[in-house]
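Please look over the sequence and the structure below before reading my notes.

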Amino acid sequence: MTDLDPTRADAPLLSGRGLSRTFTLPRRSPFQPGPERHVLVDADLDVGRGESVALIGESGSGKSTLVRLLLALDRPTAGTVTFDGREVRPDRASRLRWFRRRTGVVLQDPYSSLDPRMRVGDVVAEPLRLLHLPGDHPGMVAEVLERVGLDRRDVDAWPHELSGGQRQRVALARAVVHGPDLLVGDEPMSALDVTVRAQVLALLAELRDDLGLSLLIVSHDVGLVQHLSDRVAVLQGGRIVEQGVTAEVLARPRHDYTRRLIASVPTLD
Amino acid sequence: MTLDVDDLTVTIGGRRVVDGLSLHLADGARLGLIGESGSGKSMTTLAVLGLLPPQAVVTGSIRLDGRELVGLSDRQLAPLRGATIAAVFQDPRSALDPVMTIGRQVAEPLRLHGRVSRSEARRRAVEALAEVGLDESVAGSWPHQLSGGQRQRAVIATALIARPAVLLADEPTTALDVTTQAEVLELFRRLVDERGASLLFVTHDLAVLAQVAEEASVLSRGRVVESGPVARLLGSPVHPVTRGLVEATRATTWRAP
């Protein structure tokens, strides 16, 4: 057993320790093993209860790999993940159901993340069914649709009938319908128009505050990170090169790469 | 060279995607075209290039230095494309032919438009690559061997090699990482200035627009709802669409602490 007391309020909700992921590339010679590629090296990351944490970095920096490991969608080469004091291992789905019930995920592209042959109501109800959750599913779906700013009559709509912003609301409804403690977003806004982006950003903050959700947001968008996260971890070349309170890291970046990243962001001024 | 669009209307399958749009790109100017998805900005660029789908119905006028482009056949437009007027689109992955080396693709506009020898084309391709900050060795590479930023630089080199007078850029940095985006935007500013070319820069991102354009037109539902200097549009937007864009951008964009 772990020595973390799960009821302790200051213990992190989600915790990754020493996470590494190495891929072995195809061998080039029959006499030697294939070369190794270290996509993530010794990453430590905590998400506290009710806290919003952002992972920022460019394509290939390892941020998606880190999230996959934290969500037990991939097996680390080294390191451990704990959630509420309990170790999380990529395993048979039935043995991870407790973890899936307490986490929700929303992905980048609301055009490809919704099954075009399922009505909105079925899309949103699917986690309830797959996670074997009891209760009045239609009632829960109607409630969550209203919470994300859709109409309860939208249950009968098809994804193609909705705008990009409405689809991302459906994806959010699906991610929180089962009442998770942690919401993970992988570039949740990068496919959206700026006015829709502002709405989804406000909605994410509202869900966090009303439902007491912890957020883990993966993004290359410094603006989103600044507006939404309490803490930020900066990844480059598979390593966390800097992490800390968002306002401090962005105001006084210590690592050279963070400085370069911030200097590159276009501003209105 | 100037580009004048007057009362342009594009109808596709009964739907008006561009609806009475007018804009004026002055010689050597950098004009931004801003709007959200579906506002008609990409359809406008495609109309200028004569690359709309065949079922599109176009009315109004598009004049390049006074010469009417609407109604010209593909055959009449071909000599202009890539030579007088060139374009850079969003996705450098799909803009490059995967089975052609970078050097050959960059030189292609020269081979199509001018009678240049193979060695001359090769020399100018290497020169064009150097201008966008790519090494001579890249000429022998295949597209899949390059990073996203290198690919977009190669696309820009291809667009600029024949020294076009008008450059159309449609979301050219949207697929790039932010540090690469900053470099590519700088490249656009510099090359357009050095060449004295005119630039029409299409984007959905006001913060990006502010980095490249002096003047801009705001599009909504296929028409221009407001035009003016970028600083004025950002500082005191008048039309509700512009105001909505500016507010939403301020709420989501990075602000220096």
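This is a predicted model: local features need pLDDT of at least 70, side-chain atom pairs count only at pLDDT 80 or more; totals for chains, interfaces and linings use all residues.

1. Residues are numbered from 1 along each chain as its sequence is written, and chains are lettered from A and ligands numbered from 1 in the order in which they are written.

2. B:Thr179 lies in helix α7 of chain B, residues 178–195 (helices are DSSP runs of H or I with at least four residues, strands are runs of E with at least two, and both are numbered from the N terminus).

3. Apart from neighbours within four places in sequence, B:Thr179 contacts A:Glu58, A:Arg260, A:Leu261 and A:Ser264 (contact: C-beta atoms, placed from the backbone, within 7 Å).

4. The largest nonpolar core has 151 residues, and A:Val124, B:Leu129 and B:Ala157 have the most contacts inside it (such a core is a set of buried Ala, Val, Leu, Ile, Met, Phe, Trp, Tyr and Cys residues joined through C-beta atoms within 7 Å). Leaving out residues up to four places away in sequence, B:Ala157 touches several residues, including B:Val106 and B:Leu129.

5. A:Glu187 sits in the loop between β7 (182–186) and α6 (194–211) of chain A. Its phi is near 45 degrees, a positive value in a residue other than glycine.

6. Where is B:Asp65 found? B:Asp65 is in the loop between β4 (57–64) and β5 (67–68) of chain B. The phi of B:Asp65 is positive too, near 50 degrees. B:Asp65 counts as exposed because 12 other C-beta atoms lie within 10 Å.

Note on methods:
Two residues are in contact if their C-beta atoms, placed from the backbone, lie within 7 Å. A residue is buried if 20 or more other C-beta atoms lie within 10 Å of its own, exposed if 12 or fewer, and partly exposed in between; C-beta atoms are placed from the backbone.
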